[in-house]
Amino acid sequence: MTEPLLKVENLRIELTTRAGVTPVIDNLSFELGHGENISFVGESGCGKSMTALSIMGLLPEGVGRIASGSIQFHGEELTTASTERLRDIRGNEISMIFQEPMTSLNPVYTVGEQIAEVLRAHQGLSKKAAWDMAAELLDAVRIPNAKSRVGDYPFQMSGGQRQRVMIAMALACKPKILIADEPTTALDVTVQAQIFDLLRDLRRNTGTSIIMITHDMGAVAEMAERMIVMYAGRNAEIGPVDQIIDRPRHPYTKGLISCVPHIVANLTEERHDLTEVPGIVPSLQEFGKNRCLFASRCNLRTDECLRERPPAREFENGQKADCWHAEEL
Amino acid sequence: MDGAVNFLRVTLIRVFYAVILLIAVLILNFSLMHMAPGDVADTIAQAAGGIDAEALEQIRREYGLDQPFLVQLGRYIGNVLRFDLGYSFFYSDKVTSLILSRLPATLLLVITAQLLALVVGVILGVFSARKPNGILSHFVTFLALFGYSAPVFWTGLLMLVIFSLMIPIFPVAGMRDVTIEGGFFAQAFDIARHLVLPMITLSSIFLALYSRLARATMMEVLGSDYVRTAKAKGLTNRQVVYKHALKNSLSPVITLAGLQLSAVVSGAVLVETVFSWPGLGTLAFQSILARDTPLILGILFFSALVVIVGNLLTDLALRLVDPRVGGKK
């Protein structure tokens, strides 16, 4: 097997709060291949965004830190890399787009300037060349009249257009990895579809690997080859998307999938009632305890779920689930 | 091109409004002075040690004070529109030339104090926002409390005591030293030395205000989404703070500075009196004591002019800092 582009091993991220130190990411491992699209799925607060920020080296200063584990990019260790090196990588080899296109662009600079800035910082382009390139990039993310809109301010654009600008900015230096943190959550449905189309096409043309964070199962099914289901900072299930949707090996994944109407309709015709995952996510104090954190919401719960944290069970098709009852599902 | 035309149009509209405002101020000032008991004739009578009623009437006729209110008002406004502010009987000189001879000193004091407060306030605010729990941050909080709670004349007296008795490095009264000879630079240096104490005294309150506000807005901006984007682009800390964050945190400070300009001008009256600074403030003080109505009105007119022009400039400055202000669509 060739060297993966990104390799995260036993990552543990601790957050220091008033209540004490909490492991918001606990023993997470995954790999990302060249040109691959992997999706992170899970409820709010399960640590998806924290994982993304830790790869970027942007954990909130003084609050969050990588306690143990490793993040290797091209075999280079990022957890111990200098701030200068991380800065070189950020926006250049690994870039990121965010959930809030309305507020993620700086209101007092033109979009052209904000795109050109990345090119000047990482590629050493001249002011003029960077500006021309910014116009080309706007055109590439399908903003009409890119040449005249490059001098616009963010407030003169719609939410969808701003997210396109963010994508143009992120792809400016042809990164190896693009992290998209819920890129369409704040947009309406038709614009969502357009953004996904755009991301898919760009990936085909540039070969950029994508880490997509979402809680939209439909988007995962459409976009990604592999998915990671996270729960309370831990890996619940990881594996090929079609295999997992076909036969989830973790009760949480199963619950998530049955929440989505159109996927359910394909799987079992006779079920009409939309289900939900009962209960709520555990509080931060529960994180890090040596037991299954999903147990309180799980109908398969047995004594061992409460006694000990479940180990990862691997299956032949590449699925891996952290559940005592994975085989039974 | 389009923006420049628009900028000019907006500027002209603002100037038009400013003129209307100024005329309203004229009417208000004149009416208030008219309502106040006592007039020039009384003062002259007092100075002469008492005169008979007929002579009093004579004086009133000479100064046109026997005319109905509206006639006096109309005459006054007509004169002002012809740049004639009347004649000061107390100084036996034209009001306009009296004011113009004092105005530069006041402008120098007001503008330097305002600039000092703005520049130092923003610098302190930015530095302390970057380390909210650092020593500097606590110092700014203390400074703000002190500066805001100490009355300007008290600060002035404190300065007088410290710098005349304990550390006599700056002159404590007047604007220039008559014994100084030399060219332009020697004179300018002399004025600058005299300026230091009144300037610091006048700016203390506003420095406190601006540093507090700059600190608060800077902290808010540093936690914003677009600052996170700037970091994710791989920009240096310096670029993130001084390019992306600073420009955004300036507009509230500029707005406040514009609103406070009238307070600076009225603060100048006290400061000039404390430090015998030969500006409009001391002239205003003396003219009120002498009930020199034309002179008081003239000074009020010029103060209003300074504040209105200052607000106009603030408005235009805001447009330069924040593209969202103003009608560009």
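Me: Which residues in helix 6 of chain A meet helix 7 of chain A?
Reply: On the helix 6 side they are A:Gly160, A:Gln163, A:Arg164, A:Ile167 and A:Leu171. Their partners in helix 7 of chain A are A:Val191, A:Gln194, A:Ile195, A:Leu198, A:Leu199 and A:Leu202. Bear in mind that this is a predicted model.

Me: How do the residues of that contact divide into nonpolar, polar and charged?
Reply: The contact of helix 6 with helix 7 of chain A has 7 nonpolar, 3 polar and 1 charged.

Me: What angle do the two helices pack at, and how far apart are their axes?
Reply: Helix 6 (residues 159-171) and helix 7 (residues 189-206) of chain A pack at about 15°, and their axes are 10 Å apart.

Me: Roughly parallel or roughly antiparallel?
Reply: Roughly parallel, because the angle between helix 6 and helix 7 of chain A falls under 35 degrees.

Me: And is the crossing left-handed or right-handed?
Reply: Helix 6 of chain A passes helix 7 of chain A in a right-handed crossing.

Me: Switching to the whole chain. How many helices and strands does chain A have?
Reply: Chain A has 12 helices and 12 strands.

Me: What does the radius of gyration of chain A agree with?
Reply: With a compact globule: 329 residues would give a value near 20 Å, and chain A has 21 Å. Along its principal axes, the C-alpha trace of chain A spans about 65 × 50 × 45 Å.

Me: What share of chain A is buried?
Reply: Of the 329 residues in chain A, 55% are buried.

Me: And what share of contacts comes from residues 24 or more positions apart?
Reply: Such pairs account for 61% of the chain A contacts with a separation of 6 or more.

Technical notes
Residues are numbered from 1 along each chain as its sequence is written. Chains are lettered from A and ligands numbered from 1 in the order in which they are written. This is a predicted model: local features need pLDDT of at least 70, side-chain atom pairs count only at pLDDT 80 or more; totals for chains, interfaces and linings use all residues. Side-chain values use heavy atoms; hydrogens and water are left out. Axes are lines fitted to C-alpha atoms, for helices over the stretch in contact, and angles run from 0 to 180 degrees between N-to-C directions. Helices (H or I, at least four residues) and strands (E, at least two) are DSSP runs, numbered from the N terminus. Angles under 35 degrees count as roughly parallel, over 145 as roughly antiparallel, 65 to 115 as roughly perpendicular and the rest as oblique. A crossing is left-handed if the near helix is turned anticlockwise from the far one by less than a right angle, and right-handed if clockwise. Contact means heavy atoms within 4.5 Å. Ala, Val, Leu, Ile, Met, Phe, Trp, Tyr, Cys and Pro count as nonpolar, Asp, Glu, Lys and Arg as charged, and the others, Gly among them, as polar. The radius of gyration is taken over C-alpha atoms; the globule rule is 2.2 Å times the number of residues to the power 0.38. Buried means under 20% relative accessible area, exposed over 50%, partly exposed in between (1.4 Å probe, protein chains only).
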